Amino acid sequence: MNIDISIPDLHGRRAIVTGGSDGIGLRIATRLARAGAELVLPVRNMRKGEAAADGIRSQVPDADITLASLDLSSLASVAALGEELNNDGRPIHLLINNAGVMTPPERQTTDDGFELQFGTNHLGHVALMVHLLPLLTAGSARVTSQISIAADERSINWSDLNWERSYNGMHAYSQSKIAFGLFGLELDRRSAAAGWGITSNLSHPGIAPTSLLSARPEIGRSGDTLGVRVIRWLSERGLIVGTPDSASLPALYAATAPDAAGRRLYGPKGIGHLGGAPAEQKLYSRLRSEEEAARIWRVSLEMAGVTSASI
């Protein structure tokens, strides 16, 4: 069954999608371009980014796409992109924080010494949002942060955020997504209190065959995991899980639907929320504590080196 949603006209709107060069992110970017958005794609691999932009233009000949360099595992790279966009000075209307890395077999660290998943999935995006805050405010932006059903499991390892004393890839992944979700919700609270005009919400894609669990030599995974092989088998047969196309819809809905609101979670409404059409969902229990959200806000800003009296 083909699942889809309508996207409102986005002409005159500037949109940024992280992780937009493949998988779910590329599908999100393509749909935004088709709706008329001016698209900024920050990518780590420029050659891959150029191929993605060419692919979008093959479907949307008049697509307005700008590539930019971004490595979310490097705070210096994030700061450089923030400086570039702020110097340009154009308001940002949509920011979809979609990029991520999942379950390296062995503990790895970012350029700044953080556990790779916490540093990339969470802290890199935190720094990006703070650097772009003036442009997001100017655009009365909608910010959508892509979390995971893994955020409904386990907890934040407050005594060892960087997993230096022990490491479990799945536990560290869950932590990164819980922290990211809490931060996204706190961004909406702080925006409402300070009058920034930013609406911040969350999405999750359910389960679909993407590159997250595929062979990733750069993180030490030489072959596809059993999990992704099973997911592909189910997806090809339309069973339980979603497809890359359907998995892109919750973020698109959260970022563009007129009735999508701040401090809400959107994901697939099928069995177990693994696939199906997008809909609002009950916040995961790990995301409901405003005290924890305020704590992760303070700790994350300090770790990412983006503390400021204005936030």
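Q: In which loop is R263 found?
A: This is a predicted model, with residues numbered from 1 along each chain as its sequence is written; local features need pLDDT of at least 70, side-chain atom pairs count only at pLDDT 80 or more, and totals for chains, interfaces and linings use all residues. Helices (H or I, at least four residues) and strands (E, at least two) are DSSP runs, numbered from the N terminus. R263 sits in the loop between α9 (249–256) and β7 (265–268).

Q: Is R263 buried or exposed, or in between?
A: Buried means under 20% relative accessible area, exposed means over 50%, and partly exposed lies in between (1.4 Å probe, protein chains only). R263 has a relative accessibility of 31%. R263 therefore counts as partly exposed.

Q: What is the phi of R154?
A: R154 is placed in the loop between β5 (142–146) and α6 (169–194). R154 is partly exposed, at 33% relative accessible area. R154 is not a glycine, yet its phi is positive, at about 65°.

Q: How many helices and strands does the protein have?
A: The protein has 311 residues, and 56% of them are buried. Its elements are ten helices and eight strands.

Q: How many bridges join β2 to β3?
A: Two strands pair if DSSP finds at least two bridges between them. Strands β2 (residues 38–43) and β3 (residues 64–69) run parallel. The number of bridges joining β2 to β3 is six.

Q: Which hand does the β-α-β unit of β2, α2 and β3 have?
A: Helix α2 covers residues 46–59. Look with the strands pointing away from you: the crossover is right-handed if the path from the first strand over the helix to the second runs clockwise. This unit is right-handed.

Q: Which residues touch the most other members of the largest nonpolar core?
A: A nonpolar core is a set of buried Ala, Val, Leu, Ile, Met, Phe, Trp, Tyr and Cys residues joined through side-chain atoms within 4.5 Å. The largest one has 51 residues. Elements giving two or more residues to this core are α3 (75–88), α4 (116–131), α5 (133–138), α6 and α10 (290–304). The residues with the most contacts to other members are L132, L136, I147, L287 and L301.

Q: Which residues does L301 touch?
A: Contact means heavy atoms within 4.5 Å. Residues up to four places away in sequence are not counted here. L301 touches V126, V130, F183, V306, T307 and I311.

Q: Why is the pair of F183 and W297 stacked?
A: Rings of Phe, Tyr and Trp (its six-membered ring) pair if their centres lie within 6.5 Å; planes under 30 degrees apart count as stacked, over 60 as edge-to-face and the rest as tilted. F183 in helix α6 and W297 in helix α10 are 114 residues apart. Both are buried. The ring centres are 4.4 Å apart, and the pair is stacked because the planes meet at 10°.

Q: What is the angle between the planes of Y253 and Y266?
A: Y253 lies in helix α9 and Y266 in strand β7, so this pair ties together parts 13 residues apart in sequence. Y266 is buried, at 2% relative accessibility. The pair is tilted, with 5.5 Å centre to centre and a plane angle of 55°.

Definitions and conventions
Heavy atoms only, no water.
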